[in-house]
Amino acid sequence: MKRRAEDCPPYRYLPACVRLSLVGRVTPCAPPRVISSFVILFMPYKYLEDVATADIAFEATGRDLPELFRDAADATTNVMIDNLNSIEPRETRQIELSNGKLDMLLFDLLQELIFLKDAQRLLLRTADMQITEKDKAYFLKATAKGEPLDAERHHQRADVKAVTLHGFSVERTESGWKARVLLDI
């Protein structure tokens, strides 16, 4: 259905003009000006293409591969919401993945968690996890528990869109394993 100008609330009911900076501060901008039925905002910025991206990077460590994968999964979920402990284990999902490369197996796990958050609005934490190698391939079997996203209890930080391959790595260290992950938000 097409909206008509008379169906729209008068200008005085529009919210105050604000802009969000990248760090989440709200700052006032120039007031809107009404011309006919259109509102024109004076924006003190312009969009530049191919200059920068909005990303969050983290490094996860673990004594073994399951611990590394759990910690990386928690770090990814913690970018999305403030308090991981607010996720109650109301639903269970079995996740089974395989890949010929160990780093891409972690990539696939993190992408799966992001997909479930986007497609089913489901926040999950991995519990039991097994990672095995057979015939030059890696296999992951994990039990993930969680619940649907509840905006009142799960205070959202950023909407993670995807894991990027830029700088992505999984490597063995003297004390166990380390992964570097860059998330596109």
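Q: What share of the 185 residues of the protein chain counts as buried, and what makes a residue buried?
A: In this predicted model, 34% of the 185 residues of the protein chain count as buried. A residue is called buried because its relative accessible area is under 20%.

Q: How do you know which order the helices and strands follow along the sequence?
A: The protein chain has 2 helices and 10 strands. Read along the sequence, these elements give the pattern β-β-β-β-β-α-β-α-β-β-β-β. Among contacts between residues at least 6 apart in sequence, 63% join residues at least 24 apart.

Q: What makes a set of residues a nonpolar core, and which residues of the largest one touch the most other members?
A: Such a set is called a nonpolar core because its members are buried residues of nonpolar types joined through side-chain atoms within 4.5 Å. The largest nonpolar core has 42 residues, of which Leu68, Phe69, Ile95, Leu106, Leu140, Val163 and Val170 touch the most other members. At least two residues of this core come from each of β5, α1, β6, α2, β7, β8, β9 and β10. The most come from α2, with 9 residues. In soluble globular proteins, nonpolar side chains tend to be buried together.

Q: Which residues does Phe69 touch, not counting residues up to four places away in sequence?
A: With those neighbors left out, Phe69 touches Leu102, Leu105, Leu106, Leu109, Met129, Ile131 and Leu140. These count as contacts because heavy atoms lie within 4.5 Å.

Q: How do you know what span α2 should have, and what do its end C-alpha atoms show?
A: At 1.5 Å a residue, the 19 residues of α2 should span 27 Å; the end C-alpha atoms are 27 Å apart, so the two values agree. After α2 comes Arg121, with a positive phi near 50°.

Q: Which residues of α2 are buried, and against what do they pack?
A: Leu102, Leu105, Leu106, Phe107, Leu109, Leu110, Leu113, Ile114, Leu116 and Lys117 are buried in α2. The buried residues of this helix pack against α1, β6, β7, β8, β9 and β10. An α-helix has 3.6 residues a turn, so residues three or four places apart point the same way.

Q: What makes a space a cavity, and how many of 30 Å³ or more does the structure hold?
A: A space is called a cavity because a 1.4 Å probe fits there but cannot get out. The structure holds 1 cavity of 30 Å³ or more, and about 30 Å³ of space lies in the largest cavity.

Q: Which residues line the largest cavity, and which element gives the most?
A: The lining consists of Thr77, Met80, Leu113, Lys117, Leu122, Leu123 and Leu124. These divide into 5 nonpolar, 1 polar and 1 charged. At least two lining residues come from each of α1, α2 and β7, and β7 gives the most, with 3 residues.

Definitions and conventions. Residues numbered from 1 in each chain as written. Predicted model: local features only at pLDDT ≥ 70, side-chain atom pairs only at ≥ 80, totals over all residues. Heavy atoms only, no water. 1 Å grid on protein atoms, 1.4 Å probe; cavity = no way out; pocket = protein on both sides within 12 Å on 5 of 7 lines; lining within 4 Å. Points joined across faces, edges and corners; volume = space filled by probe spheres on them. Helix = DSSP H or I, 4+ residues; strand = E, 2+ residues; numbered from the N terminus. Nonpolar A, V, L, I, M, F, W, Y, C, P; charged D, E, K, R; others polar. Buried < 20%, exposed > 50% of the residue type's maximum accessible area, 1.4 Å probe, protein only. Expected span 1.5 Å × (residues − 1).
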